[in-house]
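Please consider the following briefing on one protein chain. The sequence and the model are shown first, and the notes by topic come after them.

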Amino acid sequence: MALTERRRKILRVVVENYIETAEPIGSKAIAEKAQLTCSSATIRNELAALEREGYLEQPHTSAGRIPSAQGYRLYVNELMEQHKLSLQETERINAAMDGKMRELDRVIDQAGRLVSKMTNYPAFSLAGSGDDITITRFDLLMVDKNSFIAVVMASNNAVKNKLIHLPTDITEPQLQLLNTLLNTTFTGKSLSELNPELMRVAEKAAGSSYGLISLVVSFAMDVLEELGHSTVRTSGVGHLLESPEYQDIDKAHKLMTYLSDEPAFSKLSAPMLQSDADTKILIGPENVAEELKDTSVVLASYDIGEGMKGVIGVVGPTRMDYAKVTAKLSYLADNLSKMFSSSQQSQLPQKREAPALNPPKEPAGEDH
């Protein structure tokens with residue numbers, strides 16, 4: 001049943017006050033903040049109704065009512081106003097990103113630190129794992145009689161190529177036969193499946209042809225290993241101890257232990273990596289991990305390029321300021337996407353030239 005407008009106003013005031021103070025709010029203060037003209041007794045009745053409907057809870061009989069996970073969810077979905085970053089906040093984030101995050105090889109670590117600093121909550125950042133990525137296509141391009149370019153396309157649309165030099169000559173028909181064999185035998189297989197398939201082919205292929213197959217498949221395995229590498233960074237775990245909710249040492253210890261587990265974050269972020277959603281909020285029991293049942297997680301995704309994504313997130317009490325945290329994460333994620341995009345554009349050659357018939361010799365196995 002939909003809430004009345006008065007109950008929606010009361011719930012919003014209760015949630016926002018608790019976010020700010022971590023303390024219940026009295027009926028008189030609710031009337032003032034919600035601009036209600038009804039009596040305190042009426043507001044107390046409405047609070048009791050909100051509790052019966054599951055939007056508020058009373059942890060102890062002598063304590064006031066505070067928002068429940070269901071109450072936070074309604075607030076996030078229907079009552080929360082979009083938070084607009086101030087010019088000062090925007091300039092501070094831009095300056096931090098320009099100064100600290102210019103080196104892309106350190107972006108994951110810096111992103112986590114920056115998120116934690118901006119929100120005062122523990123934060124994590126990761127680059128998308130490619131455990132399910134496969135090779136979808138091979139193309140072998142003749143360069144000269146003893147070298148060719150191997151091109152592999154992955155299921156995440158990443159394309160990699162490598163110039164391969166051979167100790168003996170190879171003909172165009174031989175190269176095309178090899179190309180056909182690779183596409184019929186080694187496509188659609190993950191990294192863990194490629195090596196057993198290569199061993200199976202080794203039992204049937206002649207020595208010279210197996211050597212060629214092995215060169216290209218080994219390159220494909222290197223590509224999948226690179227794409228499948230997942231990096232997780234956590235920052236600001238100590239911020240937990242600043243919240244009243246985690247003054248209980250046992251409770252804080254369990255959550256801090258969880259925050260040090262990289263595979264746990266990969267599992268937590270997996271749905272975001274596989275969806276088109278830009279942000280996601282998980283409140284209390286909505287988190288699948290037992291350690292997160294009394295916390296909330298806000299996630300935002302960003303594009304790394306080559307079909308890969310990353311995730312930045314914040315872990316904190318259920319009374320976190322969802323509007324501000326979501327706004328900051330979204331802004332950071334958008335800038336990360338732009339940063340990776342501009343980096344890739346700057347690395348593109350100005351003009352693509354067709355391979356020369358007799359290009360300069362390069363060391364065997366040099367990547368391009």
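**Briefing on the predicted model**

G26 is found in the loop between α1 and α2 (27-33). This is a predicted model, in which local features need pLDDT of at least 70 and side-chain atom pairs count only at pLDDT 80 or more, whereas totals for chains, interfaces and linings use all residues. Residues are numbered from 1 along each chain as its sequence is written, and side-chain values use heavy atoms, with hydrogens and water left out.

**Overall composition**

- The protein chain holds 12 helices and 10 strands; these elements are DSSP runs numbered from the N terminus, helices being H or I with at least four residues and strands being E with at least two.
- Of its 368 residues, 46% count as buried, where buried means under 20% relative accessible area, exposed means over 50%, and partly exposed lies in between (1.4 Å probe, protein chains only).
- The chain exposes about 19800 Å², of which carbon and sulfur atoms supply 50%; accessible areas come from the Shrake-Rupley method with a 1.4 Å probe, and for residues only the protein chains shown count as cover.
- Among contacts with a separation of 6 or more, 62% come from residues 24 or more positions apart, a contact being heavy atoms within 4.5 Å.

- The C-alpha atoms of G26 and I43 are separated by 9.4 Å, and the two residues are 17 residues apart along the chain.

**Packing of helix α1**

- Helix α1 (residues 5-21) packs against helix α3 (residues 40-52) at an angle of about 80°, with the axes 10 Å apart; axes are lines fitted to C-alpha atoms, for helices over the stretch in contact, and angles run from 0 to 180 degrees between N-to-C directions.
- The helices α1 and α3 are therefore roughly perpendicular to each other, given that 65 to 115 degrees counts as roughly perpendicular, under 35 as roughly parallel, over 145 as roughly antiparallel and the rest as oblique.
- On the α1 side, R6, R7, I10, L11 and V14 meet T42, I43, E46, L47, A49 and L50 of α3.
- By class, this contact of α1 with α3 has 7 nonpolar, 1 polar and 3 charged residues; Ala, Val, Leu, Ile, Met, Phe, Trp, Tyr, Cys and Pro count as nonpolar, Asp, Glu, Lys and Arg as charged, and the others, Gly among them, as polar.
- Helix α4 (residues 69-79) packs with α1 at an angle of about 110°, with their axes 10 Å apart, and α1 and α4 are therefore roughly perpendicular.
- R8, L11, R12, V15, E16, Y18 and I19 of α1 make the contact with G71, Y72, L74, Y75, E78 and L79 of α4.
- The residues of the contact of α1 with α4 divide into 8 nonpolar, 1 polar and 4 charged.

**Strands β5 and β6**

- Strand β5 (residues 147-154) pairs with β6 in the antiparallel sense over 7 bridges, where pairing requires at least two bridges found by DSSP between two strands.
- The bridge partner of V151 in β6 is N161.
- Because 5 of the 7 residues of β6 (residues 159-165) are buried, this strand is largely enclosed by the rest of the structure.
- V159 lies in β6 and is partly exposed, with a relative accessible area of 40%.
- Not counting residues up to four places away in sequence, V159 touches V151, V152 and M153.
- V159 and V223 are 64 residues apart in sequence and 9.1 Å apart in space, C-alpha to C-alpha.

**Strands β8 and β9**

- Strand β8 (residues 279-283) pairs with β9 in the antiparallel sense over 5 bridges, and L282 stands opposite V297 in β9.
- Since 10 of the 11 residues of β9 (residues 295-305) are buried, this strand is largely enclosed by the rest of the structure.
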